[in-house]
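Student: Hi! I have a new model open and would like a guided tour, please.

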Amino acid sequence: EKVCEKHSSEVLYEKVPLFEFDPIVQYITFIPNYNFLLCSVPKAGSTTWYEGTLMRLTNHTDRLEFLHTYQVKDEETFRKIRQDGAVSYVNVRHPFERLASAFLMFRKLEPEYPEYADKTFEQFIVEGILEKITIHKTEGINREINPHLHPSYSICAFCNIK
């Protein structure tokens, strides 16, 4: 809480980012049968949670169907879920490990991410992130940066959720 107070102008957002505009990237998921509220940070084990645990608990086999079913779709629903005392959790991973994992993923899936083709790790960091990194106060995220590269605090808006 002290961090939230000290840096509120940097980490407190007008609106919590509930999902990305890419259907496969979802930030806030709620499983009502288990009262689980998950903030999913890309490249921090989210696929393992979704496909290895949550989809099995809910008997889903299709990831997009699962994401659509359990996506928190609006602020009012999100507020009610938090008010009702859901068990909330987030997977975390060291920021440099997330970046290395994203770099390797983009290289492996190169045809899907041509903007990262033939980049060194340094170029990936400088051109793909540092030159584009501005945090938007309205939503807390930067749509010019791939969702896998957004900072954890801007994805989960920790200071907004508490």
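Tutor: One convention to begin with: helices (H or I, at least four residues) and strands (E, at least two) are DSSP runs, numbered from the N terminus. This is a predicted model, where local features need pLDDT of at least 70, side-chain atom pairs count only at pLDDT 80 or more, and totals for chains, interfaces and linings use all residues. Residues are numbered from 1 along each chain as its sequence is written, and side-chain values use heavy atoms, with hydrogens and water left out.

Student: Great. How many helices and strands are in the protein chain?

Tutor: There are nine helices and three strands. Reading from the N terminus, the order of the elements is α-α-β-β-α-α-α-β-α-α-α-α.

Student: And what percentage of the residues is buried?

Tutor: Of the 162 residues in the protein chain, 42% are buried. Buried means under 20% relative accessible area, exposed over 50%, and partly exposed in between (1.4 Å probe, protein chains only).

Student: Pockets next. How much space lies in the largest pocket?

Tutor: The largest pocket holds about 310 Å³. A pocket here is an open set of points on a 1 Å grid over the protein atoms alone, with a 1.4 Å probe fitting at the points and protein on both sides within 12 Å along at least five of seven lines; lining residues have an atom within 4 Å of a point. The volume is the space filled by probe spheres set on the points, which are joined across faces, edges and corners.

Student: Which residues are closest to the centre of the largest pocket?

Tutor: Pro95, Arg98, Leu149, Pro151 and Ser152 are the closest, out of 16 residues that line the largest pocket.

Student: Which helices supply at least two residues of that lining?

Tutor: Helix H6 (95-108), helix H7 (121-130) and helix H8 (152-156) each do. The largest share comes from H6, with four residues.

Student: What classes make up the lining?

Tutor: Eleven residues are nonpolar, three are polar and two are charged. Here Ala, Val, Leu, Ile, Met, Phe, Trp, Tyr, Cys and Pro count as nonpolar, Asp, Glu, Lys and Arg as charged, and the others, Gly among them, as polar.

Student: Switching topic: where is aspartate 74?

Tutor: Aspartate 74 sits in the loop between helix H4 (63-70) and helix H5 (75-83). Its relative accessibility is 34%, so aspartate 74 counts as partly exposed.

Student: What does its side chain reach at 2.7 Å?

Tutor: At that distance, the side chain of aspartate 74 reaches the backbone nitrogen of threonine 77. At the start of H5, a side-chain oxygen of aspartate 74 also comes within 3.2 Å of the backbone nitrogen of glutamate 76.

Student: What comes after H5?

Tutor: Glycine 85 follows H5, and its phi is positive, near 80 degrees. Away from glycine, asparagine 59 has a positive phi near 60 degrees, and aspartate 118 has a positive phi of about 60 degrees.

Student: Where do I look for asparagine 59?

Tutor: Look in the loop between helix H3 (46-57) and H4. Asparagine 59 is exposed because its relative accessible area is 70%. Aspartate 118 is in the loop between H6 and H7, and it counts as exposed because its relative accessible area is 65%.

Student: Is cysteine 159 buried or exposed?

Tutor: Cysteine 159 is buried, because its relative accessible area is 9%. Histidine 7 is 152 residues from cysteine 159 in sequence and 9.6 Å from it in space, C-alpha to C-alpha. Histidine 7 lies in the loop between helix H1 (2-6) and helix H2 (8-11), and with a relative accessible area of 29% it is partly exposed.

Technical notes:
A polar contact is a pair of N or O atoms within 3.5 Å; within protein, one must be able to donate a hydrogen and the other to accept it, and residues adjacent in sequence count only if both atoms are side-chain atoms.
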